[in-house]
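Work through these exercises with the structure in view. Try each task before you read its solution.

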Amino acid sequence: MGPGPDNPLGDYKIRLGFGDGTYEIHGTNNPTAVGLAITHGCIRMYPEDVATLFPRLPVGTSVRLINVPVKVAWIDGELLLEAHPPVNAQGESFEPDVDQFSDLLRAAVGETTVAINWDYAREVLQKANGVIATVGLKADDPLTPR
């Protein structure tokens with residue numbers, strides 16, 4: 001398909017050097033699709049972001065793709081969870097590993113006392129829709145003297 005507003009790739013595409021060049025980082029004419037697992041291996045970016053990246057990226061730039069379907073972050077007293085469907089080496093989705101999620105939580109929280117809504121965390125993990133959710137909050141440690 002040629003350039004224009006109906007092109008699902010948007011105005012820019014960056015061809016990656018693997019998969020016989022069939023994998024690309026590109027824009028989209030449907031920004032609501034960014035971050036969703038609806039492409040066939042490509043990475044969609046917001047049109048304004050790929051427009052900024054494209055002229056700054058020399059041909060031959062090394063690119064690493066990292067498959068991290070579950071991300072946990074501890075930011076300003078909030079425990080955040082982002083989950084995407086896990087994908088194996090063949091590109092097939094499989095069920096998320098709840099034990100792996102628990103390990104990530106332990107690593108993110110460390111020794112901090114935190115109140116985790118486990119039911120909600122499991123729901124976010126099972127939905128695996130890429131939406132960042134607050135699943136825990138820093139809590140006062142009942143054993144700490146006041």
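A residue is called buried under 20% relative accessible area, exposed over 50%, and partly exposed in between. Keep in mind that this is a predicted model.

**Exercise 1. Classify Leu65: buried, partly exposed or exposed?**

Step 1. Find the residue. Leu65 is in the loop between α1 (47-53) and β4 (70-75).
Step 2. Take its value. The relative accessible area of Leu65 is 46%.
Step 3. Look at its surroundings. Leu65 forms a nonpolar surface patch with Phe18, Ile43 and Val63. Together the four have about 300 Å² of accessible area.

**Exercise 2. Classify Ser62: buried or exposed? Then find how far its C-alpha atom is from that of Gly17.**

Step 1. Locate Ser62. It sits in the loop between α1 and β4.
Step 2. Apply the cut-off. Exposed means over 50%. Ser62 has 67% relative accessibility, so it is exposed.
Step 3. Turn to the distance. Ser62 and Gly17 are 45 residues apart along the chain. Their C-alpha atoms are separated by 9.1 Å.

**Exercise 3. What is the strand order of the open sheet, and which strands are at its edges?**

Step 1. Write down the order. The four strands run β4-β5-β7-β6, with antiparallel pairing.
Step 2. Pick the edges. β4 and β6 (114-116) each pair on one side only, and these are the edge strands.
Step 3. Neighbouring strands are turned by 25° against each other on average, direction ignored.

**Exercise 4. How many bridges join each pair of strands?**

Step 1. Start with β4 and β5 (residues 78-83). Six bridges join this antiparallel pair. In this pair, Ile75 stands opposite Glu78 of β5.
Step 2. Go on to β5 and β7. They pair over four bridges, again antiparallel. Leu79 has Gly136 in β7 as its bridge partner.
Step 3. Finish with β6 and β7. Three bridges link them in the antiparallel sense. Here Ala115 is partnered by Leu137 in β7.

**Exercise 5. Which strands does each of the helices α2 and α3 lie across?**

Step 1. Take α2 (residues 98-109). It lies across β4, β5 and β6. Its direction is at about 25° to β4.
Step 2. Take α3 (residues 118-127). This helix lies across β4, β5, β6 and β7 (133-138). The angle between α3 and β7 is about 150°.

How values were computed. Residues numbered from 1 in each chain as written. Predicted model: local features only at pLDDT ≥ 70, side-chain atom pairs only at ≥ 80, totals over all residues. Heavy atoms only, no water. Patch = residues over 30% accessible without salt bridge, like charges linked within 9 Å, V, L, I, M, F, W, Y side chains within 5 Å. Areas by Shrake-Rupley, 256 points an atom, 1.4 Å probe, with all protein chains shown as cover. Salt bridge = Lys/Arg side-chain N within 4 Å of Asp/Glu carboxyl O. Helix = DSSP H or I, 4+ residues; strand = E, 2+ residues; numbered from the N terminus. Buried < 20%, exposed > 50% of the residue type's maximum accessible area, 1.4 Å probe, protein only. Pairing = 2+ DSSP bridges. Axes fitted to C-alpha atoms, helices over the stretch in contact; angles between N-to-C directions. Contact = heavy atoms within 4.5 Å.
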